[in-house]
Amino acid sequence: MENFFVTSGGAWGDGSVRLTAAAVGMVVTVILLLLVTAALIRHKHTKDKAVLTTKQLVYSAVAIALAVAGSMIKLYEMPMGGSVTMMSMFFIVLIAYWYGPYVGVMTAVAYGLVQFVTEPVFYTLPQMLLDYPLAFGALGLAGFFHRKRYGFQIGYIAGVCGRFVFSTLSGWIFFASYAPEGMHPLVYSVAYQASYLIPEVLVTLIVVSIPSVAKALAYVKTRAVYD
């Protein structure tokens, strides 16, 4: 295992570890496999298989790239991870809204792994799974609402709530020592996650409710799904 993990020198002030280049390469391979799997799942539900498969892969890849770019523009950053970003979750939820839960979850998990690769530092494997593929993967739950009225808004809230649950569990289990004296670790974790997720949710929902933005999104959806 030493070929895959190295001591990071305490990136977070204690015994965290970092992935080696070989391990990062493996994660990237998993990301690509997830995207291909997502496309094949979509492949089964359409007559025009080849075109939709290629289109789905392209849109998913672009959404991940835009989400990563948005995550790097941080309006506010928390000391132990988490930040209010330039609507980074919005792009992943769009894929789920367009293509449904299966493709949405696959793409969201891939995005979580990309986020991990950008800074591959963690404490334990369970903590990494909670904070990255599971927390970000939960954004794909938005796909369950893709056929409903106001499906994007409802799905976005559902996806972020899913991310909130996994991130809160991680904070409660693995970062309890950072809770202020006298505060229960679970309460601390809930407050910590809410402090950056809620503002981004509010900003995103306000922006997508602007008539011109809503009209533009409806147009892009027709190109992504129906053309």
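Patches are made of residues with over 30% relative accessible area and no salt bridge, and nonpolar side chains are joined within 5 Å. The legends below refer to a predicted model.

**View 1. A nonpolar patch on the surface, formed by residues including Trp172 and Val190.** The members are Val165, Leu169, Trp172, Ile173, Leu186 and Val190, and together they have about 460 Å² of accessible area. Two or more residues each come from helix 6 (151-174) and helix 7 (185-208). Helix 6 gives the most, with 4 residues. Val190 lies in helix 7; its relative accessibility is 33%, so Val190 counts as partly exposed.

**View 2. The aromatic pair of Phe116 and Tyr132.** Ring pairs in the model come to 13 by the rule applied here. In this one the rings are tilted, at 5.1 Å centre to centre with 55° between the planes. The pair links distant parts of the chain, since Phe116 belongs to helix 4 (residues 101-118) and Tyr132 to helix 5 (residues 125-137), 16 residues apart. Both Phe116 and Tyr132 are buried.

**View 3. The stacked pair of Tyr132 and Phe136.** The ring centres of Tyr132 and Phe136 are 6.4 Å apart and the planes are at 25°, so the pair counts as stacked. Both residues lie in helix 5, 4 residues apart, which is about one turn of the helix. Tyr132 is buried, with a relative accessible area of 14%. Phe136 has 9% relative accessibility and also counts as buried.

**View 4. A cluster of aromatic residues.** Phe90, Phe91, Tyr97, Phe152 and Tyr156 are linked into this cluster by ring pairs.

Technical notes
Residues are numbered from 1 along each chain as its sequence is written. This is a predicted model: local features need pLDDT of at least 70, side-chain atom pairs count only at pLDDT 80 or more; totals for chains, interfaces and linings use all residues. Side-chain values use heavy atoms; hydrogens and water are left out. Patches are made of residues with over 30% relative accessible area and no salt bridge: like charges are joined within 9 Å, nonpolar side chains (Val, Leu, Ile, Met, Phe, Trp, Tyr) within 5 Å. Accessible areas come from the Shrake-Rupley method with a 1.4 Å probe; for residues, only the protein chains shown count as cover. A salt bridge is a side-chain nitrogen of Lys or Arg within 4 Å of a carboxyl oxygen of Asp or Glu. Buried means under 20% relative accessible area, exposed over 50%, partly exposed in between (1.4 Å probe, protein chains only). Rings of Phe, Tyr and Trp (its six-membered ring) pair if their centres lie within 6.5 Å; planes under 30 degrees apart count as stacked, over 60 as edge-to-face and the rest as tilted.
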